[in-house]
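Dear colleague,

Please find below the sequence and structure that I am handing over to you. My findings follow directly after them.

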Amino acid sequence: MILILGPPGAGKSIQARLLDELGKVQWLSIGKILRDSIDTLPKAMSDQMIEGELIDDNLVSQALEAAIATKDNEPVILIDGFPRRESQVAWLESYLAKTQRAITKIIHIKLPEELSVERLRKRGRLDDNEQTVRKRYAQYEGEVLRVIEVFGGEGVPVHEINGDNTIENIHNQILESI
Ligand code: AMP
């Protein structure tokens, strides 16, 4: 499995979708899964999503496990948006051990906060106002960077990409590395 991580607006999902369309990966976006089922979530959780807050680990990991179970063995699964905090790393590591899978690479798309805010101002998703974007950026800096560090420390190759670039340029950089 490959992880694609980065701050809001870095272009994780668009890159993941392009790779999926090419048949290079099977894209699995935990944010998309949650948004698609937002009407069935308890109100407290859908409110958290709209506010740009991370939601309950158990719910997210169960949704992820169920989604992985629907995928084939090939091509490689590309997980977009998970893990986002250390407790989720612990869950993922036990899941990997149980299912004899491994994280073979991390694609880390970087973007400065001001660009993240500027890009998402134009996107207009429900959770894309400036305040929630800054909150999500802070989570990235406070928690996601630590997640990347943990996997890197375990020897997982981390491919760092400057997200302040065209979609095509980033796509080509990723293609060279996977
Ligand atoms: P994304 O589409 O990746 O930007 O995620 C949108 C929202 O879904 C986040 O702001 C969270 O509310 C929720 N979410 C996505 N991934 C996770 C995760 N790994 N843990 C907890 N909440 C998540």
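Pro83 is located in the loop that connects strand 3 with helix 5. The model is a predicted one, and in it the peptide bond from Phe82 to Pro83 is cis, with omega near -5 degrees. A cis peptide bond also joins Glu74 to Pro75, where omega is about -10 degrees. Pro75 belongs to the loop between helix 4 (57–69) and strand 3. Gln100, in the loop between helix 5 and strand 4, has a phi near 55 degrees, a positive value in a residue other than glycine.

Strand 2 and strand 3 (residues 77–80) run parallel and are joined by four bridges. Within this pair, Leu28 is placed opposite Ile79 of strand 3.

Helix 5 (residues 86–99) packs with helix 7 (residues 130–153) at an angle of about 40 degrees, and their axes are 9 Å apart. On the side of helix 5, the residues that take part are Glu86, Val89, Leu92 and Glu93; they meet Arg146, Val147, Val150 and Phe151 of helix 7. By class, this contact comprises five nonpolar and three charged residues, with no polar ones.

Finally, I come to the ligand. Which residues are closest to the ligand? It is surrounded by 14 residues, and the closest are Arg35, Glu53, Gly81, Arg84 and Gln88. Gly81 contributes a polar backbone atom, which is 3.0 Å from a nitrogen atom of the ligand. Gln88 has a polar side-chain atom at 2.8 Å from a nitrogen atom of the ligand. For Arg125, a polar side-chain atom lies 3.1 Å from an oxygen atom of the ligand. How much of the ligand does the protein bury? Taken alone, the ligand exposes 480 Å², and the protein buries 96% of that.

With kind regards

How values were computed
Residues numbered from 1 in each chain as written. Predicted model: local features only at pLDDT ≥ 70, side-chain atom pairs only at ≥ 80, totals over all residues. Heavy atoms only, no water. Pairing = 2+ DSSP bridges. Helix = DSSP H or I, 4+ residues; strand = E, 2+ residues; numbered from the N terminus. Near = heavy atom within 4 Å. Polar contact = N/O pair within 3.5 Å; in protein donor to acceptor, adjacent residues only side chain to side chain. Areas by Shrake-Rupley, 256 points an atom, 1.4 Å probe, with all protein chains shown as cover. Axes fitted to C-alpha atoms, helices over the stretch in contact; angles between N-to-C directions. Contact = heavy atoms within 4.5 Å. Nonpolar A, V, L, I, M, F, W, Y, C, P; charged D, E, K, R; others polar.
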